[in-house]
Amino acid sequence: MVMSLVLGFSSAVDFRWRKTAGFSDRFTRAVSSVVFPVHGNVYPLGYYNVTINIGQPPRPYYLDLDTGSDLTWLQCDAPCVRCLEAPHPLYQPSSDLIPCNDPLCKALHLNSNQRCETPEQCDYEVEYADGGSSLGVLVRDVFSMNYTQGLRLTPRLALGCGYDQIPGASSHHPLDGVLGLGRGKVSILSQLHSQGYVKNVIGHCLSSLGGGILFFGDDLYDSSRVSWTPMSREYSKHYSPAMGGELLFGGRTTGLKNLLTVFDSGSSYTYFNSKAYQAVTYLLKRELSGKPLKEARDDHTLPLCWQGRRPFMSIEEVKKYFKPLALSFKTGWRSKTLFEIPPEAYLIISMKGNVCLGILNGTEIGLQNLNLIGDISMQDQMIIYDNEKQSIGWMPVDCDELASLKAAQVYEY
């Protein structure tokens, strides 16, 4: 799913076609980062997730990482009315219910009409664009994680105890829940920051070979090597550049400017609005005219696939036929920064050995004029969301190599 209709958008399932920090001055001593290994891939799995240990004693749960939504929730035995297939036993909720007048509950319902029918608890409902949903209550529980230099922290954080889940049309994999990483106050990052554990910075590096890392904090990169663009203050729910992007094809403008763009790790694929999507598919088809590729109309992996004289084994075999895309964002009166999308960041090789376009028409699935940058276009780059400086940044990185390093080695990167 790509967009939540109630509390935010995106989720961790995508259209495939879709030692506590015991120092008293914690607020000035967020001196390290927290790093999680990431598992999964764009295709054929269609999702990335991390393992988070929650509860007392701590138990592991697989959560889909989602920068497009705020609420973290687990399928929960409260008891469960409807729960989906999950990798682990259902979460047993703590007795620490969050009341309806809690600031986090108010923040969660800031833009909804939900009322406090039961004052002693905070009810929530998240609905996603593909019809999936989670209904439950907010609780607090212990999250166990480590700083990169080994110090253990066990903060108590708010999460959703989801006792009624409806699968969406694009729910193709079992999940324990969703890790909400958005800009809202209820997100895990915001809670960790407000308690003084980390700076309000999150980032990820997703490998095109599968896997990668997710991190909280700003110790893993050299800011001077990063391409930065300001975050939108008007479109403050999501990680969106302040200035609309200009779409380039093969280094030349397409004439499409001021594209409202969101970076969203909860979506495997990238979605352009109808006008941008039609422009890209037209340009690609024109570019491929006379090339040894023809449309593979019997391959329904994605809406648009091409076949060669023989099945392709990798993108390397076919990327020479495709031109790079890019989004150019203004960063000042005259300055711009370029987010490059080379062929390997918008193509996949299907199980049939065809090459398929990993950019889809977002208008058709309810994204209206929005352009959503999904995991496929963020692979092999470190993407950084710096909420303190209100900036989004990126730089090319070998994410597979980075993910293979130990936490201490990652810290030194």
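## Accessibility and the predicted model

Partly exposed means a relative accessible area between the buried class, under 20%, and the exposed class, over 50%. The model is predicted. At 27% relative accessibility, Asp96 therefore counts as partly exposed.

Arg156 has a relative accessible area of 34% and is partly exposed.

Glu287 forms a salt bridge with Lys323, and their closest N and O atoms are 3.7 Å apart. Here too distant parts of the chain are linked, with Glu287 in helix H3 (residues 274-288) and Lys323 in the loop between strand E18 (305-307) and strand E19 (325-330), 36 residues apart. Glu287 is partly exposed at 22% relative accessibility, and Lys323 is partly exposed at 33%.

Lys319 forms a salt bridge with Glu344, the closest N and O atoms being 3.7 Å apart. Lys319 lies in the loop between E18 and E19, while Glu344 lies in the loop between strand E20 (336-341) and strand E21 (347-349); the two are 25 residues apart. Relative accessibility is 32% for Glu344, which counts as partly exposed, and 26% for Lys319, also partly exposed.

Salt bridges also link Lys285, Glu295 and Arg297 in a network.

## Disulfides

There are five disulfides by count. Among them, Cys205 and Cys399 have their sulfur atoms 2.0 Å apart. The torsion about their S-S bond is about -80°, so this disulfide is left-handed. Cys205 lies in strand E10 (residues 201-206) and Cys399 in helix H5 (residues 399-404), so the link ties together parts that are 194 residues apart in sequence. Both Cys205 and Cys399 are buried.

Cys305 is joined to Cys356 by a disulfide with an S to S distance of 2.1 Å. The link is right-handed, with 100° about the S-S bond. Because Cys305 lies in strand E18 and Cys356 in strand E22 (residues 355-357), the pair ties together parts that are 51 residues apart in sequence. Cys305 and Cys356 are both buried.

## The Cys80 and Cys83 link

The sulfur atoms of Cys80 and Cys83 are 1.9 Å apart and form a disulfide. This link is right-handed, with 105° about the S-S bond. Cys80 is partly exposed at 22% relative accessible area, and Cys83 is partly exposed at 28%.

Note on methods
Residues numbered from 1 in each chain as written. Predicted model: local features only at pLDDT ≥ 70, side-chain atom pairs only at ≥ 80, totals over all residues. Heavy atoms only, no water. Buried < 20%, exposed > 50% of the residue type's maximum accessible area, 1.4 Å probe, protein only. Salt bridge = Lys/Arg side-chain N within 4 Å of Asp/Glu carboxyl O. Helix = DSSP H or I, 4+ residues; strand = E, 2+ residues; numbered from the N terminus. Disulfide = S-S within 2.5 Å.
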